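Have the sequence and the coordinates open side by side.

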Amino acid sequence: MLLQTIILTVVFATAYAAASNSTSSTMLETIVTTVASIIGAAVVVGLINQQQSISDSSSSSSRQRKSKRDDSSSSDDISVEGSVMVTLPAWALASWEDYFTRKYTTDEEMMSLAIHLSDRNITEGTGGPFGAAIFERHTDNHATLVSIGMNRVVPLGNSTLHGETVAIQLAQRRLGSFTLMLDENKEDGLFYDESHDDDEKESSTPRKRQFELFTSCEPCAMCLGATLWSGVSRIVCAATKDDAQSIGFDEGPVFEQSYEHLEKAGIQVTRNILREDAAKVLQRYGTSGRIYNRG
Ligand SMILES: [Zn+2]
């Protein structure tokens with residue numbers, strides 16, 4: 001476990017260094033280096049887990065258990081206690097370069113990726129019918145992809161791994177920050193609201209970086225909360241809560257006031273972008289998929 005922790009630390013430190021070194025390397029280099037590091041981590045951890053599983057299987061006092069999964073196409077290993085792994089399916093990593101080198105400008109272009117992830121996740125049997133993606137919107141209005149996510153609840157045995165939460169976790173890992181409230185002109189990178197702070201004198205003008213969360217379906221109660229704490233500036237939704245509930249999912253206590261709360265907190269809310277396309281994916285899943293949070 002110690003070795004695993006050290007390796008993960010080194011690998012993610014490399015990824016973070018690559019991601020934050022945008023002044024001396026191109027964005028493509030940064031992405032390639034980061035992806036290579038993440039894939040490297042997955043391979044290394046997978047090998048270690050495999051060795052641990054083999055050695056533990058011969059020990060009657062083993063505290064590790066393998067959970068039964070219905071995801072035979074995935075190489076995910078969730079057998080290690082004392083740590084949690086959040087992984088993307090192999091097909092998503094294989095398409096990484098395609099996703100991250102596309103040009104994104106319109107809401108529809110960005111939402112198309114989130115819906116594609118939800119659809120492919122069903123086809124590949126790697127989770128529920130929900131996809132998400134986080135983009136950084138630049139001043140000239142074009143956007144770059146920061147992270148992707150898709151529902152991983154059943155394959156990874158983890159009720160918190162919805163598309164939105166996976167995308168948020170991977171974005172924060174990549175940016176090396178617990179929040180996406182970031183300021184491009186600050187040394188520590190964090191954005192502060194200084195409108196009420198007379199003592200704070202900064203020579204540079206604060207400019208909050210704009211991160212936008214695109215989700216193939218309006219968020220459940222958990223993901224609304226995660227969105228609020230994530231630091232994103234905007235959430236954009238395709239299918240509605242009713243679309244998800246119509247195939248049996250329980251979205252929890254989500255109210256119009258919930259969205260008003262987000263907007264009061266400075267998070268712009270946009271809904272019904274490509275709703276019909278996203279709803280079709282939900283309906284396809286509803287005919288045969290597993291409803292893990294049944295309403
Ligand atoms: Zn959710």
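Among contacts in the protein between residues at least 6 apart in sequence, what percentage join residues at least 24 apart? The value is 64%. Keep in mind that this is a predicted model. The protein holds eleven helices and five strands. Of its 295 residues, 33% are buried.

Start with a helix pair. Helix α7 covers residues 163–175, and helix α8 covers residues 221–230. Their axes come within 9 Å and cross at roughly 20 degrees. Angles under 35 degrees count as roughly parallel, so α7 is roughly parallel to α8. The handedness of this crossing is left-handed. Which residues make the contact? From α7 come Glu164, Thr165 and Ile168. From α8 come Cys223, Ala226, Thr227 and Ser230. By class, the residues of this contact are three nonpolar, three polar and one charged.

Stay with α8 and look at burial. Its buried residues are Cys223, Leu224, Ala226, Thr227 and Ser230. How are they arranged around the helix? Seen down the axis of α8, they fall within an arc of 165 degrees, so they line one face of the helix. An α-helix has 3.6 residues a turn, so residues three or four places apart point the same way.

Gly231 follows α8, and its phi is positive, near 95 degrees.

Helix α5 spans residues 107–123, and helix α11 spans residues 275–286. The two pack at an angle of about 15 degrees, and their axes are 10 Å apart. That angle makes α5 roughly parallel to α11. The crossing of α5 and α11 is left-handed. On the α5 side, the contact is made by Ile115, Ser118, Asp119 and Ile122. On the α11 side, Asp277, Ala278, Val281, Arg284 and Tyr285 take part. The residues of this contact divide into five nonpolar, one polar and three charged.

Is Leu274 buried or exposed? It has 20 C-beta neighbours inside 10 Å, so it counts as buried. The cut-off for that class is 20 or more.

Asn141 also has a positive phi without being a glycine, at about 80 degrees. This residue lies in the loop between β1 (131–137) and β2 (143–150). Asn141 has 8 C-beta neighbours inside 10 Å, and therefore counts as exposed.

Where is Lys103? It belongs to the loop between α4 (96–101) and α5. Lys103 is exposed, because 8 other C-beta atoms lie within 10 Å.

Thr87 counts as buried because it has 24 C-beta neighbours inside 10 Å. The C-alpha atoms of Thr87 and Leu170 are 83 residues apart along the chain and separated by 9.3 Å.

Ser177 is in the loop between α7 and β3. With 17 C-beta neighbours inside 10 Å, it counts as partly exposed. Which residues is Ser177 in contact with, leaving aside its neighbours within four places in sequence? They are Gln172, Leu182 and Gly189. Leu190 is 13 residues from Ser177 along the chain, and their C-alpha atoms are separated by 8.4 Å.

Terms used
Residues numbered from 1 in each chain as written. Predicted model: local features only at pLDDT ≥ 70, side-chain atom pairs only at ≥ 80, totals over all residues. Axes fitted to C-alpha atoms, helices over the stretch in contact; angles between N-to-C directions. Helix = DSSP H or I, 4+ residues; strand = E, 2+ residues; numbered from the N terminus. Parallel < 35°, antiparallel > 145°, perpendicular 65-115°, else oblique. Left-handed = near helix turned anticlockwise from the far one by under 90°. Contact = placed C-beta atoms within 7 Å. Nonpolar A, V, L, I, M, F, W, Y, C, P; charged D, E, K, R; others polar. Buried ≥ 20, exposed ≤ 12 C-beta atoms within 10 Å, placed from the backbone. Arc of directions from axis to C-beta.
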